[in-house]
Amino acid sequence: GSRNPRSIELVRMLKQARDAKEVFGILDDYDEHVNGFVVASAMGKLRRFGKSREALHVFERSKLRGVALNVIAYNAAISASGRNWEGVLALFDELQQRGLEPDIITCNALISACEKGGQWGEALALFDDLQQRGLEPNIITCSALISACEKGGQ
């Protein structure tokens, strides 16, 4: 889990990585210690390097290797998917099929992806869904929803 000392050390190492090659080197060298938190950290670092496609590759590779991915890793994958709102919705379905509970960060990333993809109706449906789940919308949620509706001429 997240309290695994090796995982905590890997997250620290990833934060200090200077480039994408170093991120992949850490993941390869410590493969047996990679968990959902490490995957999310690696994806975040790759995105900061402007490497969203590579971040998604880390996510997919981790799934294939049987890493127990958590909601944080799924949130990172959703955020890395950018304008691909259909891919984002597929990730959301997969997250739920794995028995993981979406959080407000998940919902914000989903609404933001719909906004980027011009899918205001989908963004509104997701907003309703998050409220039905008892999640409290925040300023990010509302901003993304307003932007989605503006882009859709609503």
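Keep in mind that the model is predicted. Two packed helices are described by the angle between their axes and the distance between the axes.

**Helices α1 and α3**

- Start with helix α1, residues 5–16, and helix α3, residues 36–48: their axes come within 9 Å and cross at roughly 5°.
- An angle under 35 degrees counts as roughly parallel, and α1 and α3 are therefore roughly parallel to each other.
- On the α1 side, the contact is made by Ser7, Leu10, Val11, Leu14 and Lys15, which meet Phe37, Val38, Ser41, Ala42 and Lys45 of α3.
- Sorted by class, this contact of α1 with α3 has 6 nonpolar, 2 polar and 2 charged residues.

**Helices α8 and α9**

- Next come helix α8, residues 120–132, and helix α9, residues 139–151, whose axes come within 8 Å and cross at roughly 150°.
- That angle makes α8 roughly antiparallel to α9, since angles over 145 degrees count as roughly antiparallel.
- The crossing of α8 with α9 is left-handed.
- From α8, the residues Trp120, Ala123, Leu124, Phe127 and Leu130 meet Thr141, Leu145, Ala148 and Cys149 in α9.
- The contact of α8 with α9 has 8 nonpolar residues, 1 polar residue and no charged ones.

- The buried residues of α5 are Val71, Ala73, Tyr74, Asn75, Ala76, Ala77, Ile78 and Ala80.
- Among the elements covering these buried residues are α3, α4 (52–64), α6 (85–97) and α7 (104–116).
- Just after α5, you will find Gly82 with a positive phi of about 55°.

**An aromatic pair**

- A pair of aromatic rings is described by the distance of the centres and the angle of the planes.
- The structure holds 1 aromatic pair.
- The ring centres of Phe59 and Tyr74 are 4.9 Å apart and the planes stand at 85°, so this pair is edge-to-face.
- Phe59 sits in helix α4 and Tyr74 in helix α5, so the pair ties together parts that are 15 residues apart in sequence.
- Phe59 and Tyr74 are both buried.

Note on methods
Residues are numbered from 1 along each chain as its sequence is written. This is a predicted model: local features need pLDDT of at least 70, side-chain atom pairs count only at pLDDT 80 or more; totals for chains, interfaces and linings use all residues. Side-chain values use heavy atoms; hydrogens and water are left out. Axes are lines fitted to C-alpha atoms, for helices over the stretch in contact, and angles run from 0 to 180 degrees between N-to-C directions. Helices (H or I, at least four residues) and strands (E, at least two) are DSSP runs, numbered from the N terminus. Angles under 35 degrees count as roughly parallel, over 145 as roughly antiparallel, 65 to 115 as roughly perpendicular and the rest as oblique. Contact means heavy atoms within 4.5 Å. Ala, Val, Leu, Ile, Met, Phe, Trp, Tyr, Cys and Pro count as nonpolar, Asp, Glu, Lys and Arg as charged, and the others, Gly among them, as polar. A crossing is left-handed if the near helix is turned anticlockwise from the far one by less than a right angle, and right-handed if clockwise. Buried means under 20% relative accessible area, exposed over 50%, partly exposed in between (1.4 Å probe, protein chains only). Rings of Phe, Tyr and Trp (its six-membered ring) pair if their centres lie within 6.5 Å; planes under 30 degrees apart count as stacked, over 60 as edge-to-face and the rest as tilted.
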